[in-house]
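Please keep the sequence and the structure at hand while reading.

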Amino acid sequence: MRTLITNGTVVTADGSYRADVLVDGETIAQIGSGPGGATPAADQTIDARGKYVIPGGIDVHTHMELPFGGTFAKDTFETGTRAAAFGGTTSIVDFAVQSRGKSLREGLDAWHAKAQGNACVDYGFHMIMSDVNDGTLAEMYQLVAEGVPDFKLFTAYPGVFYSDDGAIFRAMQRTATNGGLIMMHAENGMAIDVVAGDEVALGHTDPYYHGVARKAVFEGEATNRVIRLAEAAGVPIYIVHLSALDALEAVRTARDRGTRAFAETCPQYLFLSMDDLGHGFEGAKFVCSPPLRERDVWPELWKGLIRDDLALVSTDHCPFDFHGQKELGRGDFRKIPNGLPGVEDRVDLLHDGGVVGGQITRERWVDIISTAPAKLFGLYPRKGAIAVGSDADLVIYDPAARHTISARTHHMDVDYSCYEGREVVGRSDVVMSRGTVVVRDGTFTGRKGWGQFLKRAPADYVRQH
Ligand SMILES: [Zn+2]
């Protein structure tokens with residue numbers, strides 16, 4: 001099957017130009033016209049006049065079916081990856097979880113079982129390490145060899161995912177020899193639990209106090225601490241879901257002194273704020289960790305994206321219904337499942353707020369939604385590029401289309417939207433996954449099980465960057 005995309009503007013992280021793109025089978029076969037200016041023969045032609053042709057979005061932080069606080073994140077690999085496709089995202093990297101006392105192997109196998117035969121677009125895994133011991137440290141080599149080269153540890157959630165500094169440091173030392181990358185959820189969970197307990201004791205049980213307890217300084221302190229530990233271990237480090245100015249400053253000063261520290265932020269930290277947490281229990285819809293911050297951090301985060309102190313934007317997609325799930329925390333904000341839906345909205349929100357909003361160029365937009373994630377997470381140039389031989393994960397994007405985000409029309413399996421009623425400019429019209437059209441004009445044309453496991457390369461890019 002050969003598909004010719006004509007008349008579009010190819011937008012990549014490096015630049016934009018008018019060119020036709022020929023897809024043959026699952027990959028890009030030709031860009032521009034053939035010898036003598038001939039139009040290549042194709043089985044189908046897609047007219048992209050007035051539209052962008054961009055590499056498919058890559059969301060490197062999702063939690064499909066994550067067990068949390070006695071319930072599960074609602075999107076399955078089927079519903080979550082279908083929603084991703086509607087939003088122009090054609091690859092995800094999800095987090096497999098090692099349960100306390102069990103092996104990394106058991107956790108990874110469980111996540112393979114959830115995804116295989118169900119995902120609608122390609123997927124990879126990072127590994128959440130809940131225990132750092134001789135057994136799990138030894139297992140890391142095997143996971144790197146199997147294409148799961150990143151390991152996430154937490155300074156938050158004491159008693160659940162929390163690791164102490166010694167455990168974190170041991171895991172970091174190991175990545176100096178196995179080629180892996182440590183990803184950190186950096187908030188001081190011990191201190192947060194003290195403040196959260198104090199607030200509840202004062203009768204402050206509303207979701208708003210989730211944000212009060214998880215102070216920005218606790219994120220800044222933990223971010224600086226884990227970066228310093230990585231420096232001592234002599235390894236790169238990646239900070240997930242950075243939300244606070246204190247944390248951004250820790251990353252910026254580390255990078256200024258030459259440390260290979262990388263960080264992502266998420267749309268919720270660029271477009272939502274503490275104000276959203278503050279409407280009684282409705283605020284539970286906006287409970288995630290780190291929490292939403294005051295809106296004066298927004299311009300600082302955009303600046304971080306412009307200067308590359310923030311390398312990319314992922315979603316931390318982890319949806320819980322308001323009814324029946326978020327409601328577990330009525331009367332005690334500590335019991336609200338943490339997480340927000342977002343995998344479907346990321347590309348459009350960043351186009352609207354970033355490109356249309358005048359914060360970033362369309363090339364940087366493509367970079368932060370696709371190319372930088374591919375480079376940092378061992379997928380480039382198979383993904384994240386429009387180049388001959390790359391996977392034909394392509395989005396024909398209408399930069400002028402307007403639509404309104406709503407739970408009534410989104411495809412994520414969750415009963416609310418954090419962006420309900422927000423009008424955005426920009427929409428994915430045609431979405432291709434490995435050469436097959438999976439979304440066209442608002443209709444899903446792909447299939448469950450089409451998505452393949454992405455065996456990713458070790459994190460060389462973060463070492464040579
Ligand atoms: Zn997460």
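What spacing do the donors of the zinc ion follow along the chain? In this predicted model, the spacing is H-x1-H-x252-D. The zinc ion is coordinated by His61 through NE2, His63 through NE2 and Asp316 through OD, at 2.0 to 2.2 Å. His61 and His63 are both buried.

Helix H1 spans residues 77–86, and eight of its ten residues are buried. Among them are Phe77, Thr79, Gly80 and Phe86. The cover over the buried residues of H1 includes helix H2 (104–115) as well as strands E11 (89–97), E12 (122–128) and E19 (423–433). Just after H1, Gly88 has a positive phi of about 85°.

The structure holds 17 aromatic pairs. Two of them are set out below.

| Pair | Centre to centre | Angle between planes | Geometry |
|---|---|---|---|
| Tyr157 and Phe161 | 6.2 Å | 75° | edge-to-face |
| Phe281 and Phe322 | 5.8 Å | 45° | tilted |

Phe281 lies in the loop between helices H10 (274–277) and H11 (298–307), and Phe322 in the loop between strand E17 (312–313) and helix H12 (346–356), so their pair ties together parts that are 41 residues apart in sequence. Phe281 and Phe322 are buried; Tyr157 and Phe161 are buried too. Tyr157 and Phe161 also belong to one aromatic cluster with Phe68, Phe154 and Phe320.

The charged end of Arg82 is over the ring of Phe444, 6.0 Å from its centre.

Definitions and conventions. Residues are numbered from 1 along each chain as its sequence is written. This is a predicted model: local features need pLDDT of at least 70, side-chain atom pairs count only at pLDDT 80 or more; totals for chains, interfaces and linings use all residues. Side-chain values use heavy atoms; hydrogens and water are left out. Donors are N, O and S atoms within 2.8 Å of the metal (3.2 Å for Na, K and Ca); water is not among the atoms, so sites may look incomplete. Buried means under 20% relative accessible area, exposed over 50%, partly exposed in between (1.4 Å probe, protein chains only). Helices (H or I, at least four residues) and strands (E, at least two) are DSSP runs, numbered from the N terminus. Contact means heavy atoms within 4.5 Å. Rings of Phe, Tyr and Trp (its six-membered ring) pair if their centres lie within 6.5 Å; planes under 30 degrees apart count as stacked, over 60 as edge-to-face and the rest as tilted. A charge sits over a ring if NZ of Lys or CZ of Arg is within 6 Å of the ring centre and within 35 degrees of the ring normal.
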